[in-house]
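Please look over the sequence and the model shown below. The report that follows is written for a reader who is new to them.

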Amino acid sequence: MKRAWFALSSLVFALTLPAYAGGGRPAAAAAASGTTPAKAAPGPAAKPAAEDGFAAEVLILHATNDKRGIDARIGKLPELGKAPFSTYDSYQLVDRARLPLKKDEPQNLKLPNGRTFQVRLLEVAQKDAVRLSASINRPNGKEFLPLLEVKAHVGQAFIVAGQSYKKGILVLVIRVAK
Amino acid sequence: MNVSRELLMRYHDGAVSEEEAVAVEEALEHEPALLEELEAYSELGSFVRAWGEARSEQQFDIADSVLARIAAEEPARVRVASVHSIWPRVATWVSLGAAIAAGSVLVVRSWSAPPAGPRSAHPATAAEAVSAAPASTAVAPPDVSAALEEEPKDPPATIESVDFGQTNGTVFVVSTDSADTPVVWMPDDDQPDEDDEDRSESL
């Protein structure tokens, strides 16, 4: 009898417990609609945003061991304190550019070593994320970095580094902006 | 006097008259065979009594043993009945399974709650969850909200494909406290560019 009562009590408790969790579908749907309305209400608002407005912010840094420290214009870039970038004690900002990301219009940026950095929008992956391609070509037209495809959210960055330049290397920091 | 066996037996049992007793005693004095037969009756009587007592004792033992066995088997039968009855077990397992499933639902919901969106939306989410729940304090909502506040760090930018051409390059990630940044490292090759002029002044 006690066993049957225990079993019945456990069953009732198990069946009513999810209701007390407060995670019912209506509440969850309301919460989701409050934070990500595009997912909760598919339709015109759920389409990826227009490609206009996305851009690639490029920092061209010159890394050397000239004991001059990090250029204040570079701003906060903690990656420079990590290996292998920490093997250089000096970083100078050579150039800064904002390249609009467009599918049909590759954007070119001349590098200090004469090569050309090119970036192009492949697609708007999500509301705040893009897929882009980048490449680096030599002045003679030959490819140095034939192709690089990256998916990044707004605010995220990737780095292309290693090209020799004036007793140091070039460090390209590419950050997706909008 | 001729003493018959029947009279001798009654004498042995004390079921004779005084005259018969005197007659039997006179015959016993003169006939030793009668005395031996009388002694045999006594031994036989002792034997029969002993046998009867033993038999009666044996019957009592059997009865006692049967009763003892019955008494001993009664609790065992009760225990067997409770152990081999399957329904209480089924009910117990079903209820325990349902309890475990309900617990899993709680854990999964706390883990799979939408982490995206501004943090300011979390209190609203918790409030809606609380309002949707029955008026009870059995399950504390702060545990769920606490789980929601621990959002994982955003995944880094992804290098989907890279073609190094004739250069030996590598891809790795530099991790900092704020972000994980993928790095494409391409050491310069020995192939000279056509135009190696420094253009840093023109930028």
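## Basis of the report

This is a predicted model, in which local features need pLDDT of at least 70 and side-chain atom pairs count only at pLDDT 80 or more, while totals for chains, interfaces and linings use all residues. Residues are numbered from 1 along each chain as its sequence is written, and chains are lettered from A and ligands numbered from 1 in the order in which they are written.

## The sheet

Seven strands form an open sheet with mixed pairing, in the order S2(A)-S3(A)-S1(A)-S9(A)-S8(A)-S3(B)-S2(B). Its edge strands, each pairing on one side only, are S2 (69-70) of chain A and S2 (170-175) of chain B. Strands here are DSSP runs of E with at least two residues, numbered from the N terminus, and two strands pair if DSSP finds at least two bridges between them.

S1(A) and S9(A) run antiparallel and are joined by nine bridges, while S8(A) and S9(A), also antiparallel, are joined by seven bridges. S9(A) is largely enclosed by the rest of the structure, because seven of its nine residues are buried; a residue is buried if 20 or more other C-beta atoms, placed from the backbone, lie within 10 Å of its own, exposed if 12 or fewer, and partly exposed in between.

## The nonpolar core

The largest nonpolar core has 46 residues, where such a core is a set of buried Ala, Val, Leu, Ile, Met, Phe, Trp, Tyr and Cys residues joined through C-beta atoms within 7 Å. Those with the most contacts inside the core are A:Ala56, A:Val58, A:Ile159, A:Val171, A:Leu172 and A:Ile174. Among the elements that give two or more residues to this core are strands S1 (55-64), S8 (157-164) and S9 (169-177) of chain A, together with strand S3 (180-185) of chain B.

Leaving out residues up to four places away in sequence, A:Val171 touches A:Leu61, A:Ala63, A:Ile159 and A:Ala161, contact being defined as C-beta atoms, placed from the backbone, within 7 Å.

## A residue of chain B

B:Thr181 has its place in strand S3 of chain B, and this residue counts as buried because 22 other C-beta atoms lie within 10 Å. Apart from its neighbours within four places in sequence, B:Thr181 is in contact with A:Glu79, A:Ala157, A:Phe158, A:Ile159, B:Pro156, B:Val173 and B:Val174. The C-alpha atoms of B:Thr181 and B:Thr158, which are 23 residues apart along the chain, are separated by 9.0 Å.

## Backbone details in the loops

Most residues other than glycine have a negative phi, and most peptide bonds are trans. A:Lys67, in the loop between S1 and S2 of chain A, is not a glycine and yet has a positive phi of about 60 degrees; A:Lys67 counts as exposed, with 7 C-beta neighbours inside 10 Å.

S8(A) and S9(A) form a hairpin with four residues between them, and A:Lys166 in the turn has a positive phi of about 45 degrees. With 15 C-beta neighbours inside 10 Å, A:Lys166 counts as partly exposed. The peptide bond from A:Ala83 to A:Pro84 is cis, with omega near 5 degrees, and A:Pro84 lies in the loop between S2 and S3 of chain A.

Note on methods. Contact = placed C-beta atoms within 7 Å.
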